[in-house]
Every structure is written in structure tokens, then in C-alpha cells.
Amino acid sequence: MTASPHPLPCIAIAGPTASGKTNGALALAAVLAQRGQPSEIISVDSALVYRGMDIGTAKPSLQERAAVPHHLIDILDPLQSYSAADFVQDTQRLVAEIRARGAIPLLVGGTMLYFKALLDGIDDMPAADPEVRARLDAQAASIGWPAMHAELAQVDPETAARLAPGDSQRIQRALEVWHISGQPLSSFHQAKKRAEDAQPAFDCMLFSLEPSDRAWLHARIAQRFQAMLDAGFIDEVQALRARGDLHPDLPSMRCVGYRQVWEELDWQVRKNTPQLNMHLVREKGIAATRQLAKRQITWLRSMPQRHTIACDDPLATMQLVQAALQCLPA
């Protein structure tokens with residue numbers, strides 16, 4: 001593990017959902033504090049930015065946030081959107097501020113697009129165009145997102161190949177870029193790889209918690225989703241619906257878990273049934289979360305600079321802490 005050129009390294013902890021990132025980060029922060037070295041956590045999570053979405057995002061508790069300063073949590077209303085470019089801009093500013101306070105920045109989360117944008121840089125893609133999006137939404141309402149995905153495959157097969165036919169948010173963005181620029185979204189992504197000795201776009205040590213046994217992760221996902229349901233996840237989504245200004249096509253409501261619960265609540269209203277089919281809610285939520293974890297692991301495997309730790313090893317947290325401590329200057 002190469003030491004950071006900065007006297008205060010930036011340490012990133014990535015991994016699929018339910019891999020133990022939060023526990024690992026808090027354990028590392030506690031050890032650093034014992035050594036007299038403060039640290040602060042920057043959330044790398046596209047769902048934690050939203051206020052009022054606590055249970056379904058497994059948001060760190062108030063006690064955990066009191067133990068270690070956290071950033072990029074509860075910064076937006078669910079009506080708002082937050083892009084990878086926003087994340088990069090905010091994180092670069094926060095890292096500088098944290099280091100200026102003499103603390104070590106810990107980047108912790110599972111939104112791999114954010115990590116990729118931060119570590120590899122992002123290209124100057126066209127800005128969002130409300131008129132184009134409105135036309136695409138109208139077309140999707142007529143023919144459905146799977147058909148829109150097929151249309152994307154005709155103009156940008158590379159992007160279409162990595163998107164699920166129901167991933168409306170990313171399909172819409174890819175088609176929007178095509179209609180605005182006449183170029184596929186994939187053409188805007190940086191294709192060249194940096195030489196091994198080249199200065200990275202962002203100075204950061206990346207640790208990745210990945211399971212050696214997928215069954216272990218699947219069991220953790222099922223346990224955590226059930227715990228969310230037990231903690232009142234359905235009530236949380238119902239409160240968001242009761243606002244009256246949110247809808248399922250918003251980025252916030254497309255978050256895994258929230259989408260599935262919202263859809264089942266819609267079905268309950270349409271069918272005028274007295275209660276939800278909780279077994280179906282649970283099965284859909286777990287299945288969607290497992291798919292998310294699969295995509296996260298695929299993203300991670302495209303990051304050759306990462307240092308991998310088996311999250312299903314009983315000593316994973318200790319191994320993470322020990323590896324991260326090696327990044328500290330002597």
C-alpha cells in the first residue's frame with residue numbers, strides 16, 4: 001500500500017450494501033482518536049443526502065454521527081436531485097476543509113458512480129434539458145422504459161449493455177445526452193487508463209469490503225431489510241407519500257427499497273385492500289437490494305487501485321483498521 005503524498009491521507013471505504021462499511025469506518029475513527037488523530041466521515045451515498053429517509057437508507061444513527069463528524073447527510077429535500085458532479089465538488093471542498101482542521105477525511109459509502117467520478121474524473125457532459133426530459137418522459141409513458149432501453153441500444157449500445165431495461169433514471173439521462181449532443185453517453189466517459197506512475201485525479205487510498213461468499217452477503221441483506229421493516233420502514237414511506245409533492249420517478253423515491261414499498265402501497269390503494277402483503281414487500285425489497293449489491297461489486301471490480309478485504313471474514317474490521325493505519329505517515 002503506497003503512502004499518500006499528503007501528510008494527512010484521505011481514506012476511502014467502499015463496498016456493497018450490508019458489507020459493514022459504517023461499522024468499519026467507526027472502528028477506524030475510534031482507533032485514530034485513541035492515537036490522538038481526529039477524523040471526519042464524508043458519506044458517499046446518493047440516498048443519505050435526503051432528509052426524512054432514515055430507516056430505508058440505514059442512515060447512521062444520531063449517536064454514531066455524534067461520535068464522529070459526518071458530512072453529506074440530510075443536506076437535501078427528497079424533491080431535489082444530486083449529481084455525481086455535485087458530489088465531486090462538495091467532496092473536494094470538504095476534504096480540504098477537514099485537512100485544514102488537522103483531521104483525516106474518511107470517505108465511506110456504496111455509490112460507486114460517485115467514487116468513480118471522484119477517483120477517475122468526470123467529463124463535461126451536456127447539462128440537463130427540461131424540455132428534452134419532458135419529451136422522453138412522455139414517450140416512456142406511451143411505450144414503456146424497456147422499449148426506451150431498446151431505443152438506447154440502437155444509438156449507444158455500450159451504455160445500454162450496462163443498464164437494466166427498467167433503470168428509467170439512467171436510460172433517460174443517456175437518451176437525453178444523445179438527443180442534446182448527437183453523441184452517445186459512453187463517448188463522454190474517459191477511456192484511457194492512467195499510467196501507473198501518473199498523478200491520480202484525487203489522492204485517496206481505497207479499501208473495498210467484498211464478500212468471498214455471496215451467500216453471506218445475501219443473508220445479511222435479508223436480515224437488514226427485515227430489521228428495516230421492523231423499525232417502521234413502511235410508515236416512513238407512507239409519511240413521504242403523505243406529503244403530496246413526491247412521486248415515484250424522483251431520484252429519491254427510486255432508491256432501492258423505497259421504490260418497492262411505494263409500488264406496493266400504490267397497489268394497495270388501487271385494489272382497496274386493508275393491508276399490505278408484507279411477504280411480497282419483503283421479497284421484492286430483498287431481491288432489489290441483492291441486485292444493487294451485484295451492481296456495486298461489478299463497479300468495484302473495475303477499480304484496480306482498490307485494496308480488497310473480505311467482509312465475510314470475522315476479522316474483517318480489524319484487517320481494515322490495520323490496513324488503513326499503514327497509510328498514516330510514520
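## Ser-19 and its surroundings

Leaving out neighbours within four places in sequence, Ser-19 contacts Leu-209, Trp-216, Leu-217, Arg-220 and Cys-311. The model is predicted. Ser-19 sits in the loop that joins strand S1 (11–14) and H1.

Is Ser-19 buried or exposed? Its relative accessibility is 4%. Buried means under 20%, so Ser-19 counts as buried. A polar atom of the Ser-19 side chain lies 2.7 Å from the backbone oxygen of Pro-16.

## Packing of H1 on H13

Helix H1 covers residues 21–34, and helix H13 covers residues 316–325. Their axes come within 9 Å. They cross at roughly 50 degrees, and the two helices are therefore oblique to each other. The crossing of H1 past H13 is right-handed.

Which residues make the contact? H1 supplies Gly-24, Ala-27, Leu-28, Val-31 and Leu-32. H13 supplies Thr-317, Leu-320, Val-321, Ala-324 and Leu-325. By class, 8 of the contact residues are nonpolar and 2 are polar. No charged residues take part.

## Ile-55 in the S2–H2 loop

Ile-55 belongs to the loop between strand S2 (39–44) and helix H2 (62–67). Its relative accessibility is 23%, so Ile-55 counts as partly exposed.

Setting aside residues up to four places away in sequence, Ile-55 touches Met-228, Ala-231, Gly-232, Phe-233, Glu-236 and Tyr-258. Trp-145 is 90 residues from Ile-55 along the chain. The C-alpha atoms of Ile-55 and Trp-145 are separated by 29 Å.

Terms used: Residues numbered from 1 in each chain as written. Predicted model: local features only at pLDDT ≥ 70, side-chain atom pairs only at ≥ 80, totals over all residues. Heavy atoms only, no water. Axes fitted to C-alpha atoms, helices over the stretch in contact; angles between N-to-C directions. Helix = DSSP H or I, 4+ residues; strand = E, 2+ residues; numbered from the N terminus. Parallel < 35°, antiparallel > 145°, perpendicular 65-115°, else oblique. Left-handed = near helix turned anticlockwise from the far one by under 90°. Contact = heavy atoms within 4.5 Å. Nonpolar A, V, L, I, M, F, W, Y, C, P; charged D, E, K, R; others polar. Buried < 20%, exposed > 50% of the residue type's maximum accessible area, 1.4 Å probe, protein only. Polar contact = N/O pair within 3.5 Å; in protein donor to acceptor, adjacent residues only side chain to side chain.
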